[in-house]
Amino acid sequence: MTIIALDSSGTVATVAIARDGRLLAEYTVDNGMTHSQTMLPMLDAITKQLNLKMEEVDAVAVADGPGSFTGLRIGCATAKGIGLAIGKPVIAVPTLEALACNVYGTQELVCPMMNARREQIYTALYAFTQEKGEVRSQLENGEYALEVLEDQTAEDVREWCHVINSYARPTVLLGDGADDFRSILEEELQVPYRFAPLHQNRQRAGALAMIAMQYYKQGKIQDAAQVRPVYLRKSQAEREREARLAESGTEGRSFCPAP
Amino acid sequence: MEKKRVLAIESSCDETAAAVVVDGREILSNVISSQIDLHTLYGGVVPEIASRKHLERINQVIQEALDQAKLTLQDIDLIGVTYGPGLVGALLVGVAEAKAISYASGIPLVGVHHIEGHICANYLQYPQLKPPFACLVVSGGHTHLVLVKDYGEYEILGHTRDDAAGEAFDKVARAIGLGYPGGPKIDKTAREGDPDAIHFPRAKIAGNAYDFSFSGLKSAVLNYLNGCSMRGESISVPDVAASFQKAVTDVLVEHAMAAVEEYGFTRLAIAGGVASNSALRTAMEEACSKKGVEFYRPAPILCTDNAAMIGSAAYYDYYVRGLRSDFTLNAVPNLRLGER
């Protein structure tokens, strides 16, 4: 089984091609350029190096959110376009689950964080566990399962530190949010913690491919046409409209702003 | 040359569209998924909502275009996609999708200028039409008077200095309570009004007789409404709509006719969303027939944003002009006509 994996949810563009138990190619670039210009040329480059034929591809994996709205759309549209062209399904993986898999098997709690602007982070809390129990996302690769302790959310950094503290367990922090809010984390966290090293602290399509293989085996695939990002946030216009409606107490009344 | 089938994708504003066009002239399918109901809630197009909706619909729209044409991707020779101008987030959905299909299928790709697409709508409506001709492009985002010298070769004679014609329609419609989208609503309401009831100004632009300005007209309408309200006078919405519409069409027709005169054109085409305005079509038709100029006006379905027009433009870009796009193709929100 062969899959293409791509993630343009954050600051890096990362693509990979994996077959069965092997990562055939992975290409990650963090150059600040728009993913629209970088990602597909990167995928094309590794495709050519492997001399990969599209007939060999069984599915396309994509990190479907949260993340930059535009980045998620570039990634999802790319996955949907490939899926449409080759008639194969898409494996949509939560961005933060894939990011957590960078530190697969650790005994610490795993807290990926992405800078979500507006003083917030996209974050979640995971544990790799061998115990049976309430395991919502099975990751039966070897002996560990990825347990979702706190589902993906957009949260104020300081508020989130209280959540981490409440678990009272050593925690590994990763993602650009961990770097950007380092001083706040150092101030607020009362559990033992460490920052993931450079080869683990950003999205890696290899990790995405690994967890996507598990999703595929569990039948967690979608028709390419059905894929839509998990933004975790409504658009500003929708939020403002809802606030206005809540304020005026009327529902469905159309609002005409002054010209 | 064997017939070339182009799959075209358009997502520059609030229509998700795909089409299959043969040799730049024959439409096999032209699928448009409009988001207009969604944006009506906000009184105009919300870019983030438009981008989200494009992504939700795009595969279904492309598949529908192929199905209606009774073709599969294997039958397609070229993929054309709008890469500008337009809303950047909206454009990116179509561009990323088109590039991915090109990557996975090996079908070549060309990025298309949205306004060139509008002009090419005339080639679909009139299979015999060939350059040179003059074209007035009027839409929600654009107002250009263009000399089409050859396929893909343009000279811009005039453009708007401020609001596009369609933008003025939207703003005035909102002010008189007709809501969004303004163009069709004003067109309909104006039929019950007197176009000579109120005299609104026709702007003249210093420096270039072919440039347009519509923000002054919009302000004049708003001042008129304010004046009425201060004096406690009621307004006739149909009269305001008809008088405003006449002011716009007068300017568009006058500029187009002046250009026809100066450059000696024998053919004038119109294009873009506002080109489906019935008053403009009638006025331009009359003016052209007086001067013995042939008048070309695409059917309304080809005036609105659609992908068939992009398919026509892509054909000429690729097979006639030899243009190509690679996987670095990006959305260019402010792309100018004639630029790449």
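## Briefing on a predicted two-chain complex

Chain B has an average pLDDT of 96, and 100% of its residues score at least 70. The model is predicted, and the predictor assigns the complex an ipTM of 0.95 and a pTM of 0.94. At the interface, 33 residues of chain A are in contact with 36 residues of chain B. The points below cover each chain, the interface, the domains of chain B and selected local features.

**Overall form of chain A**

- Chain A contains 8 helices and 11 strands.
- A compact globule of 259 residues would have a radius of gyration near 18 Å, and the 19 Å found for chain A agrees with this.
- The C-alpha trace of chain A extends about 60 × 50 × 35 Å along its principal axes.
- Buried residues account for 47% of the 259 residues of chain A.
- Among contacts in chain A with a separation of 6 or more, 72% link residues 24 or more positions apart.

**Overall form of chain B**

- Chain B is built from 11 helices and 10 strands. Its radius of gyration is 20 Å, close to the 20 Å that the globule rule gives for 340 residues, so chain B is as compact as a globular protein of that length.
- Taken along the principal axes, the C-alpha atoms of chain B fill a box of roughly 65 × 45 × 35 Å.
- Of the 340 residues in chain B, 57% are buried.
- Residues 24 or more positions apart make 74% of the contacts in chain B that have a separation of 6 or more.

**The side of chain A that touches chain B**

- The contact between the chains involves 33 residues of chain A and 36 residues of chain B. On the chain A side, α1 (35–50), α2 (69–86) and α8 each supply at least two residues.
- The largest share of this side, 13 residues, comes from α2(A).
- By class, the side of chain A that touches chain B has 18 nonpolar, 9 polar and 6 charged residues.

**Helix α8 of chain A**

- Helix α8 of chain A covers residues 236–248; at 1.5 Å a residue, its 13 residues should span 18 Å, and its end C-alpha atoms are 18 Å apart, which agrees.
- This helix is hardly covered, as the count of buried residues among its 13 residues is 0.

**Domains of chain B**

- The domain assignment divides chain B into domain 1 (5–120 + 303–320) and domain 2 (131–298).
- The centres of domain 1 and domain 2 of chain B, taken over C-alpha atoms, are 27 Å apart.
- In chain B, 16 residues of domain 1 are in contact with 21 residues of domain 2. The elements that give two or more residues to the domain 1 side of this contact are α1 (36–40), α4 (114–125) and α11 (308–320) of chain B.
- Helix α4(B) gives the largest share of that side, 4 residues.
- The side of domain 1 that touches domain 2 in chain B comprises 7 nonpolar, 6 polar and 3 charged residues.

- A:Asp7 is in strand β1 (residues 2–7) of chain A.
- With 32 other C-beta atoms within 10 Å, A:Asp7 is buried, the cut-off being 20 or more.
- Not counting residues up to four places away in sequence, A:Asp7 touches A:Thr14, A:Ala63, A:Gly75, A:Thr95, A:Ala98, A:Gln203, A:Ala205 and A:Leu208.
- A:Val90 is 83 residues from A:Asp7 along the chain, and their C-alpha atoms are separated by 13 Å.

**Cis peptide bonds**

- The peptide bond joining A:Gly65 and A:Pro66 is cis, with omega about 10°. A:Pro66 is placed in the loop between β4 (59–63) and α2 of chain A.
- A cis peptide bond also runs from B:Pro131 to B:Pro132, with omega near 5°. B:Pro132 lies in the loop between α4 and β6 (133–138) of chain B.

**Positive phi in chain A**

- A:Arg118, a residue other than glycine, has a positive phi near 45°. A:Arg118 is in the loop between β6 (109–115) and β7 (120–129) of chain A. With 8 other C-beta atoms within 10 Å, A:Arg118 is exposed.
- A:Leu232 is not a glycine, although its phi is positive at about 65°. The loop that holds A:Leu232 is between α7 (205–217) and α8 of chain A. A:Leu232 is partly exposed, with 17 other C-beta atoms within 10 Å.

Definitions and conventions
Residues numbered from 1 in each chain as written. Chains lettered and ligands numbered in written order. Predicted model: local features only at pLDDT ≥ 70, side-chain atom pairs only at ≥ 80, totals over all residues. Expected span 1.5 Å × (residues − 1). Buried ≥ 20, exposed ≤ 12 C-beta atoms within 10 Å, placed from the backbone. Rg over C-alpha atoms; globule rule 2.2 N^0.38 Å. Contact = placed C-beta atoms within 7 Å. Domains from an automatic or database assignment. Nonpolar A, V, L, I, M, F, W, Y, C, P; charged D, E, K, R; others polar. pLDDT = per-residue confidence, 0-100.
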